[in-house]
Amino acid sequence: MTQLDQCAVLFVDDDPRVLQGLRRMLHGERRNWSMQFAASGREALACLDRGGFDAVVTDMRMPDMDGVELLTFVMEHHPQVARIVLSGEIDPSVGLKAVRCAHQFIAKPCEAEIFKNALARALALRRLISDARLRALLSRLHNLPSQPALYTEVVAEIQSPNASSRKVGELIGRDVGMTAKILQLVNSAFFGMARRIGNPQEAVVLLGYDTVKALVLSAKIFSQMDATRMKRLGLDALWPHSLAAGQCARTISRAEKLSRQAQTGAFTAGILHDVGKLIFAQNFTESYADVMQQARTAARPLEDVETECFGASHAELGAYLMGLWGLEEEVIDSIAYHHRPPPAASVGPVTGVVYAANALEHLLSTGAPHASGVCVDPAVLERLNIADRVGAWEETCRRHLQEEIARAE
Ligand SMILES: [Fe+2]
Ligand SMILES: [Fe+2]
């Protein structure tokens, strides 16, 4: 990072016209972003060696060194630099290779606003990684998972000017496991659909792009986990808890008549709020088992013990990863602050909804919010401006849960 308030971005493309176009498109951002342009992978490596970059945005197909090679190098040698692919590449096999090493994939041609927002979101993570301890933890994670390929494809389709529910449905339909999972979820009492949904396209039409996107992402992340390891760590209940927290967040945000965008944000953050636990479990299985045991024995909040042992909690770690994958800022904030108060009252209403949804889900499923080390902190409720709402939200979620049980019977 060059200055505290300025981000450094390196753009790489072998086509000078593309670099020129980017220069023009981002001219208005020059005060916020320090931008450098490299005409080849080799030139990019020389720039990266000088250090100080927050993000690299690269084309895929380049002579000499292609985007995959470049990003693999960045992943290994500069793991904290956000890796973004900006490419007109439509060959799915190349796309698949890219998702292993890229955090975000933006399809060319792309509107200036979409691109600026995606980049701004990746760069907004500086707020989180400015914490030296989280930065140190990230450098120990050799294996920060990449965006699931199907999710990348679904997002690219949704962002394309000719997006259609048919095409999104087809993408999901190619993945038999995902199709089964989505249909099972959509037809469960969870979504309360009036009739049976028979194919992924119908699910897309009824649920909307953003909800489907969130379902694909969370189902993929969870299915990538080793089931035996999850069971051994006692994390096998995390998926049902995450889904139910997503549902509570959706129910509350509807009752509060938040905007449609906020409702989907709340659902997305709800189902992904504990994703950091999966990263801990995958990277530090043994020590994470110890941390969870310590928290249980001492009846202390898990996130406090995680912070003592690893320097950051699952909340910050999950928020960081979801930020790299380009999720909306309010989703990232809601994940980051689902256990502790945000630094300022500047966060949107979704953060309060997700904080309450997680705590209420624990309360409603176990009957005791403290059983899992989750507690509702009155100071946080004050800060989030929801102290007077939580009682009503609990009633709403309880009622919804009862209706759901009745419908399932
Ligand atoms: Fe949590
Ligand atoms: Fe949770």
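This is a predicted model: local features need pLDDT of at least 70, side-chain atom pairs count only at pLDDT 80 or more; totals for chains, interfaces and linings use all residues.
Close-up 1. Because Asp274 is found in the loop between helix H15 (260–272) and helix H16 (275–283), whereas His314 belongs to helix H19 (residues 314–324), the pair ties together parts of the chain that are 40 residues apart in sequence.

**Close-up 2. The site of the iron ion (ligand 2), with donor residues spaced H-x31-H-D-x83-N in sequence.** Here the protein donors are His241 and His273, both through NE2, together with Asp274 through OD and Asn358 through OD1, and they lie 2.2 to 2.3 Å from the iron ion (ligand 2). The four donor atoms subtend angles of 83 to 167° around the iron ion (ligand 2), and the arrangement is therefore irregular. Asp274 coordinates both this ion and the iron ion (ligand 1), the two being 3.7 Å apart. Distant parts of the chain are linked by the pair His241, in helix H14 (residues 238–255), and Asn358, in helix H21 (residues 349–366), which are 117 residues apart.

**Close-up 3. The packing of helix H15 against helix H20 (residues 329–336).** The axes of H15 and H20 are 9 Å apart and the helices pack at an angle of about 40°, which makes H15 oblique to H20. H15 and H20 cross in a right-handed sense. From H15 the contact draws on Gln261, Ala262, Gly265, Thr268, Ala269 and Leu272, and from H20 on Glu330, Val331, Ser334 and Ile335. Sorted by class, the residues in this contact of H15 with H20 are five nonpolar, four polar and one charged.

**Close-up 4. The packing of helix H2 (residues 41–50) against helix H3 (residues 67–77).** These two helices, H2 and H3, pack at an angle of about 15°, and their axes are 10 Å apart, so that H2 and H3 are roughly parallel to each other. The crossing in which H2 passes H3 is right-handed. On the H2 side the contact involves Gly41, Ala44, Leu45 and Leu48, which meet Leu70, Phe73 and Val74 on the H3 side. The contact of H2 with H3 comprises six nonpolar residues and one polar residue, with no charged residues.

**Close-up 5. The crossing of helix H10 (residues 176–186) and helix H12 (residues 209–223).** The axes of H10 and H12 come within 11 Å and cross at roughly 120°, an angle that makes H10 oblique to H12. The crossing of H10 and H12 is right-handed. Met178, Lys181, Ile182 and Leu185 of H10 meet Leu215, Val216, Ala219, Lys220 and Ser223 of H12. By class, six nonpolar residues, one polar residue and two charged residues make up the contact of H10 with H12.

Conventions:
Residues are numbered from 1 along each chain as its sequence is written. Chains are lettered from A and ligands numbered from 1 in the order in which they are written. Side-chain values use heavy atoms; hydrogens and water are left out. Axes are lines fitted to C-alpha atoms, for helices over the stretch in contact, and angles run from 0 to 180 degrees between N-to-C directions. Helices (H or I, at least four residues) and strands (E, at least two) are DSSP runs, numbered from the N terminus. Angles under 35 degrees count as roughly parallel, over 145 as roughly antiparallel, 65 to 115 as roughly perpendicular and the rest as oblique. A crossing is left-handed if the near helix is turned anticlockwise from the far one by less than a right angle, and right-handed if clockwise. Contact means heavy atoms within 4.5 Å. Ala, Val, Leu, Ile, Met, Phe, Trp, Tyr, Cys and Pro count as nonpolar, Asp, Glu, Lys and Arg as charged, and the others, Gly among them, as polar. Donors are N, O and S atoms within 2.8 Å of the metal (3.2 Å for Na, K and Ca); water is not among the atoms, so sites may look incomplete. Four donors count as tetrahedral if all angles lie between 85 and 135 degrees; four count as square planar and six as octahedral if opposite donors are over 155 degrees apart and all others between 65 and 115; anything else is irregular.
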